[in-house]
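Hi,

Here is the structure I promised to send over. Have a look at it first, then read on.

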Amino acid sequence: MIRRLVLFFILTALLVAATVWLVDHPGAVVITWTDWAEREWRVDTYVPILILATGCILVVVAAVVWLLNLLLKAPRRFAARRRTARLHEGYRALSDGLAAVATGDPRRARKLAHRAERLLDDPSMTSLLTAQAAEISGNQAEAWDRFQAMTERPETALLGLKGLLGLALKRDDRPKALDLAQRAWSMGGTASGDLASTLFELQVQAGAWDEAQVTINEARKRKALSGAELLHNQAVLHLEHSRRVETSGATKAAMKLALKAHFADPMMVPAATYAASLLHRLGKNGKAMDVLLSTWRASPHPALVEAALALAPGESVPQKMNRLKKLLQANPTAAEGHIALGEMALARSAWGEARTHLELAAAHLPSPRVFSLLARLERDEKNDEAAAEEWLHRAATAPAECAWVCSACSRQSPVWTLICPSCGTVDGIEWRKPFGARNALAVV
């Protein structure tokens, strides 16, 4: 900035000095020439006037050149401005159309898709919007054609395959969906975690266990799934492999696979109970109990109680209670342990012990089952029908108890299965409270 200011002052000083010198030394200039009629012309003037006249002529010439240039380029500039305006309107229609797709407005989405397609005239930019607009409008045939066209360009091939995959899943065309998912996954590291999960599910549904294992290995390399998801899916594969091996009579090999499933996901109750049952068959009750305890600490589940009792079916009730107390020591606040011990104490008429465990269970897990057992305790110990009726009333209004419920179709299942028998969802059965379920009052 300072340098420019100094330069400005220097140039100004030089200009002023030159002007003063020209005024003091005006000089004389004589210009003579002969025109076409051989007439002689003469102009007498001073140097400053000549310089000023020359400057004026240059300014006029420059102005004429600028005006001509402006007039010659005007059509091109007008076309460029119009093209820019169209692009701006097209981009706006494109973004608004995608927003309409996201909010589920098919009529507005299709209108904006056609507008963007007309203004931009670039299928590479508008194909996704037009395909999604057709999809939410219910025109699956047009959507399929649009997504199919996207697969022909390398830049949009992955988006096209994902769109076709979604349509195939809506049609419940699982063989086609599996083929599309494999094609999309084979495109490399740009594939997402959702695609990895979808491909894994389709392969499991098709019984392609080896291919599912390859998918998990590749997902680990690409970091397409989180560590917890990878370990859980690996546990699922080991568990199913164990069951298939066990049906062939190879109990020891099945046990090793079941343990791998348990170690991959210690919170997976079906893996723990199955591994414990195989260890019990091989006479390894101590190790089986360790497996159950490790899962019980993180995920206390009634199936673990049953599995622990199944390790020694010939034990007496006090021995069974001692076994369950080991579980309770590993997780003292687990309501399922208190319920099991309270029910056993109730069967032995150990009223005080039964009341202690059942009241602790009610504090941690108020449920129809616990309240029904407390009603039975009031009747059996004190013959107090009024207190029993009060507990039964609480049982009727208590929240529903957890069950194996499919996260996709909300159907309940008596046991955990990898594939939902109702809707075919893979690994969708969860231990949770059924949505909108009513309690059935237990008979006591």
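This is a predicted model: local features need pLDDT of at least 70, side-chain atom pairs count only at pLDDT 80 or more; totals for chains, interfaces and linings use all residues.

Residues are numbered from 1 along each chain as its sequence is written, and side-chain values use heavy atoms, with hydrogens and water left out.

Salt bridges first (a side-chain nitrogen of Lys or Arg within 4 Å of a carboxyl oxygen of Asp or Glu): the count comes to 14. Glu336, Arg369 and Glu401 are linked in a network. Arg369 pairs with Glu336, closest N and O atoms 2.9 Å apart, and this joins helix H18 (residues 368–382) to helix H16 (residues 335–347), 33 residues apart. Arg369 also meets Glu401, at 2.9 Å N to O; Glu401 sits in the loop between helix H19 (385–397) and strand S3 (403–406). Helices (H or I, at least four residues) and strands (E, at least two) are DSSP runs, numbered from the N terminus.

As for burial (buried is under 20% relative accessible area, exposed over 50%, partly exposed in between; 1.4 Å probe, protein chains only), Glu336 is buried at 10%, whereas Arg369 is partly exposed at 30% and Glu401 is partly exposed at 24%.

A further salt bridge joins Glu378 and Arg355 (3.0 Å, N to O), and both residues are buried.

Now the helix pair: H6 (residues 157–170) passes H8 (residues 193–205) in contact (heavy atoms within 4.5 Å), made by Lys162, Leu165 and Leu169 of H6 and Leu195, Thr198 and Leu202 of H8.

Cheers

Note on methods
Axes are lines fitted to C-alpha atoms, for helices over the stretch in contact, and angles run from 0 to 180 degrees between N-to-C directions. A crossing is left-handed if the near helix is turned anticlockwise from the far one by less than a right angle, and right-handed if clockwise.
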